[in-house]
Amino acid sequence: MKKERIGRKIIVAAMAVAMAFTISEGTKMVTSPAHADQEDAGSFDPVYYAALYPDVAAAVGTSPEALYSHYVNFGQKEGRIPYEGAAGGASVDVTADTAADTATVTTPVQTTVDIGNGPFWLFTDGEEVDKATFLQEKQRLQQQFDAAGYVHVGWTEQQVQARLLSLKEQYPEGMKVGNCSSGAARITNGLYGDPYDIRVGWVAQGDDDVLMTVDGCVPKRSIASRSVAESSLRIGDEVYIKNSEGLGHVMVVLSRSSDGITVVESNQNSDMKMHWGSFISWAELDACLRYIWHYEY
């Protein structure tokens, strides 16, 4: 029975790895604001920042130093707002002379599950491990996930859009990335984390093996009904359509309005390049929609 469990884990893991798009991107750490012009820089406000971004406060704590460090190293590049009235990604000079009040900070919804007493298997190799080793791996992946600033459960649509638009610097208009699935994977992995990297492993619970992920990761579900697309489609969702040639095509929603949606996509007209801002009306979408991957943040 034990060998069958482990064998099943290895097979499923191998399939998941083969299906996932793995992207290796270096993260450049900075110790000062990225913008050189400091004359118009405002004072970073940790109270405002923690209240506006509870995911950050939950990840790094509420000390002014930790919140300032997060903004300088991650938040500024992501287009986050450092103080009330500032533009996203604005320059900051020094931390405002105030401490973040934990009473004003709400904790984002977590996707934790009581893991019980195992047995435990890691996703990376399918080997059975003890509970301490399993939790250490979970903590390691959690720290990477939180530090990267990925979308967490509990984010607003505006926060997701800011994160999404920040990816344009990494994948600019006209960048050659490959087919539509490859481009969409780069965007969704940049938003929600690589599906491979957020999975810790399996925990045996009775006769079932439950796959454990990092806390706060955003689940997704497939929507196949066209009738619910206009009411449920949100920024950051993946849209699968049948193009004019009858082939499947996948895009990620940038914005939506009463008229339709704008999307980021790759391989438009078979050019293998990234494109930002194509518009699709609701009528056009209804005519060619196949299904939606809906991210439940």
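Predicted model: local features only at pLDDT ≥ 70, side-chain atom pairs only at ≥ 80, totals over all residues.
Where is the place of Ser 255? Ser 255 sits in strand S9.

Begin with the chain as a whole. Its secondary structure comes to 9 helices and 12 strands. The chain has 297 residues, and 45% of them count as buried. Take the contacts with a separation of 6 or more: residues 24 or more positions apart account for 68% of these.

Now the sheet around S9. Six strands form it, in the order S7-S12-S8-S9-S10-S11. The sheet is open, and the pairing is antiparallel. Strand S7 (220-223) and S11 stand at the edges. Each has a single partner strand, so one side of each is left without a neighbour in the sheet. Neighbouring strands are turned by 30° against each other on average, with direction ignored.

Strand S12 (residues 289-295) pairs with S8 over 4 bridges, in the antiparallel sense. Here Glu 238 has Trp 293 of S12 as its bridge partner. Strand S8 (residues 238-242) is in turn joined to S9 by 5 bridges, and these two strands run antiparallel. Val 239 stands opposite Met 251 in S9. On to strand S10 (residues 260-266): S9 pairs with S10 over 4 bridges, again in the antiparallel sense. S9 and S10 form a hairpin, with 3 residues between them.

Which residue of S10 is the bridge partner of Ser 255? The partner is Thr 262. The side chains of Ser 255 and Thr 262 also make a polar contact, at 2.4 Å. Set aside residues up to four places away in sequence, and Ser 255 touches Gln 161, Ile 235, Gly 260, Ile 261 and Thr 262. Gly 236 lies 19 residues from Ser 255 along the chain, and their C-alpha atoms are separated by 8.5 Å. Is Ser 255 buried, partly exposed or exposed? Its relative accessibility is 24%, so Ser 255 counts as partly exposed. The cut-off for buried is under 20%.

H7 lies across S8, S9, S10, S11 and S12. H7 runs at about 40° to S9.

Leu 191 is then in contact with Tyr 150, Val 151, Val 160, Arg 163, Leu 164, Leu 167 and Gly 236.

At which residue does H4 bend? The bend is at Tyr 71, by about 50°. H4 is mostly covered, with 11 of its 15 residues buried. Among the buried residues are Pro 64, Leu 67, Tyr 68 and His 70. Tyr 71, where the helix bends, is buried too. Gly 79 follows H4, and its phi is positive, near 80°.

Last, the loop between S10 and S11. Most residues other than glycine have a negative phi. Asn 269 lies in this loop, and its phi is positive, near 55°. Ser 270 is found in the loop between S10 and S11 as well. Ser 270 is not a glycine, yet its phi is positive, about 60°. Are Asn 269 and Ser 270 buried or exposed? Asn 269 has a relative accessible area of 73%, so it is exposed. Ser 270 has a relative accessible area of 55% and is therefore exposed as well. The cut-off for exposed is over 50%.

Definitions and conventions. Residues numbered from 1 in each chain as written. Heavy atoms only, no water. Contact = heavy atoms within 4.5 Å. Buried < 20%, exposed > 50% of the residue type's maximum accessible area, 1.4 Å probe, protein only. Polar contact = N/O pair within 3.5 Å; in protein donor to acceptor, adjacent residues only side chain to side chain. Pairing = 2+ DSSP bridges. Axes fitted to C-alpha atoms, helices over the stretch in contact; angles between N-to-C directions. Bend = angle between axes of the 7 residues up to and from the residue.
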